[in-house]
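Subject: Structure handover

Hello,

Here is the structure I said I would pass on. My notes on it follow below.

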Amino acid sequence: NITKKMWPELLSRFHKILLREYTPEEFMRVAYQHLVMKLGVEPNMADYIAKGVAVKSRDIRDAIRIANMSRTLEDAQFLVTKLGHEANV
C-alpha cells in the first residue's frame with residue numbers, strides 16, 4: 001500500500017515492511033497456482049494469463065480480474081493484450 005499521503009501521526013502506529021517484488025518466474029508460479037487451485041481456471045488458460053500478466057504488471061489482482069472476465073482462451077488473450085491500456089467504451 002502507498003503510505004506517502006498518510007499523516008505521520010497515523011503512520012507512526014504501524015510497522016512498515018517493504019517486500020521485494022516477485023521475479024517473473026515466481027509471479028507466474030504463484031498466479032498459475034492461485035488461478036487453478038482457488039478459482040478453478042483451466043490449466044492452459046491459467047498458464048497464458050500468468051505469463052501475460054507477468055510481462056505487464058506482476059499484480060495478482062490483474063490475473064484474477066482477467067480470469068474472472070474470461071470464459072474462453074480468446075477472452076483471456078484479448079484482455080491480456082489490453083492490460084495497462086485505458087478502456088474506450
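To begin with a charged pair, the side chains of aspartate 59 and arginine 61 meet in a salt bridge, at 3.1 Å from N to O. Please keep in mind that this is a predicted model. Aspartate 59 is partly exposed, with a relative accessible area of 22%, while arginine 61 is exposed at 53%.

A search of the whole structure finds five salt bridges. Another of them joins arginine 65 to aspartate 62, whose closest N and O atoms are 2.7 Å apart. Both residues lie in helix α4, three residues apart, which is about one turn of the helix. Arginine 65 counts as partly exposed, at 44% relative accessibility. Aspartate 62 has a relative accessible area of 12%, so it is buried, the cut-off being under 20%.

A further salt bridge pairs the side chains of arginine 58 and glutamate 21, at 3.4 Å from N to O. This one links distant parts of the chain: arginine 58 sits in the loop between α3 and α4, glutamate 21 in the loop between α1 (8–11) and α2, and the two are 37 residues apart. Glutamate 21 is exposed, with a relative accessible area of 54%; arginine 58 counts as partly exposed at 26%. In general, side chains of opposite charge can pair because their charged atoms come close.

Now to α3 itself. The helix has 14 residues and reaches 20 Å from its first C-alpha to its last, close to the 20 Å expected at 1.5 Å a residue. Its buried residues are Met45, Ala46, Ile49, Ala50, Gly52, Val53 and Ala54. These pack against α2, α4 and α5.

What does leucine 35 touch, leaving aside residues up to four places away in sequence? Its contacts are Gly40, Val41, Ala46, Ile49, Ala63, Ile64 and Ala67.

Regards

Definitions and conventions: Residues numbered from 1 in each chain as written. Predicted model: local features only at pLDDT ≥ 70, side-chain atom pairs only at ≥ 80, totals over all residues. Heavy atoms only, no water. Contact = heavy atoms within 4.5 Å. Helix = DSSP H or I, 4+ residues; strand = E, 2+ residues; numbered from the N terminus. Expected span 1.5 Å × (residues − 1). Buried < 20%, exposed > 50% of the residue type's maximum accessible area, 1.4 Å probe, protein only. Salt bridge = Lys/Arg side-chain N within 4 Å of Asp/Glu carboxyl O.
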